[in-house]
Amino acid sequence: MRVGLARSKVSPKYKGKYRIENWPSYDQSLRRRGEFTLWFTPALLDAWKGVPTGRRGGQPKFSDAVIELALTLRLLFRLPWRQTEGFLDSLLRLVGIDLDVPDHTTLSRRTRGLNVQLRSTSAGHSVILVLDATGLGIVGEGEWAAAKWGQRGRRGWKKLHIAVDEQGQICAAELTESTTTDGSMAPALLEQVEQDVTEVIADGAYDQRQVHQAIHDKGARSVIPPSRTAKISGQAAHRSRDAHLERIEEVGRRQWRQESGQTRQSRAENTFFRFKQTFGGRIRARHPGAQQAEVLACCNLLNRFTSLGMPKSVRVAT
């Protein structure tokens with residue numbers, strides 16, 4: 001079996017070196033991510049029991065907040081559902097709270113319809129967004145068949161689309177099938193962002209008419225590399241794109257990327273790297289609804305880590 005190493009597409013001549021300016025504070029934030037401070041807020045304890053639905057049949061014994069808490073613990077510590085049940089029960093006994101804990105079957109079933117809201121700390125000010133997408137593997141028959149029969153099986157995967165601000169906060173996220181194109185999800189991501197958006201940065205896969213129109217409707221400036229065969233359109237929604245084409249004609253594509261700030265698209269790639277390093281490169285849930293809840297819960301955890309502190313890197317001369 002031949003094993004190859006991935007090589008960077010950036011020439012060593014142009015690949016820069018970076019230095020972290022705020023290492024003491026960033027080092028402290030990394031240690032804080034490992035702190036374990038336990039408390040249950042009164043609001044959570046008051047809302048522990050489920051609210052009757054008003055429909056016939058059995059009523060929920062636990063609220064959605066409890067299910068989301070268990071899901072967060074499962075993802076944070078990478079636990080199976082049975083161990084998550086035991087872990088949550090031991091936490092309650094540790095702090096002296098006498099409450100029932102959902103069993104692992106209930107947790108698995110309830111996450112299918114759990115509505116997890118994406119939480120970001122970038123609210124209240126204008127933002128510069130970076131759009132990108134990545135693939136996440138899914139567990140299922142296709143992956144099992146691929147492992148057992150080789151080429152006869154197909155590994156399943158889905159796409160995670162995100163919009164990230166300059167601080168690394170995930171402001172919007174969508175989980176779709178693997179066949180969904182990157183550009184088709186840009187309008188939905190921008191619609192989720194309530195803040196004022198000044199710029200939208202993305203790679204060439206987002207150079208589509210609907211993407212530029214959505215950015216124009218948002219009142220933002222697009223920083224997307226146009227295709228090499230692109231022409232001046234003269235349309236209002238393509239004003240930024242036309243300006244990029246003219247500048248590329250003058251100084252070249254590499255210089256334009258530096259001037260326009262399109263190199264900041266790497267912030268989304270760094271976010272995906274942190275996501276997969278923290279939670280792995282695959283989704284553990286099998287039900288589509290549970291997969292959506294799992295991915296959004298992971299994004300909330302990653303935003304929490306980001307809020308503790310991020311490195312400030314500056315490019316140094318090579």
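Is arginine 78 buried, partly exposed or exposed? The legends below take you there, step by step.

**View 1. Arginine 78 sits in the loop between H3 and helix H4 (81–94).** This residue is partly exposed, with a relative accessible area of 44%; buried means under 20%, exposed over 50%, and partly exposed in between (1.4 Å probe, protein chains only). Its phi is near 55°, a positive value in a residue other than glycine. Helices (H or I, at least four residues) and strands (E, at least two) are DSSP runs, numbered from the N terminus. This is a predicted model, in which local features need pLDDT of at least 70, side-chain atom pairs count only at pLDDT 80 or more, and totals for chains, interfaces and linings use all residues. Residues are numbered from 1 along each chain as its sequence is written, and side-chain values use heavy atoms, leaving out hydrogens and water.

**View 2. Helix H11 covers residues 266–279.** Its buried residues are Ala268, Thr271, Phe272, Arg274, Phe275 and Phe279. Just after H11, glycine 280 takes a positive phi of about 95°.

**View 3. Residues 1–6 have pLDDT under 50.** pLDDT is the predictor's confidence in each residue, from 0 to 100. Where pLDDT is low, the predicted coordinates should not be read in detail.

Terms used: The expected span of a helix is 1.5 Å times one less than its number of residues. Contact means heavy atoms within 4.5 Å.
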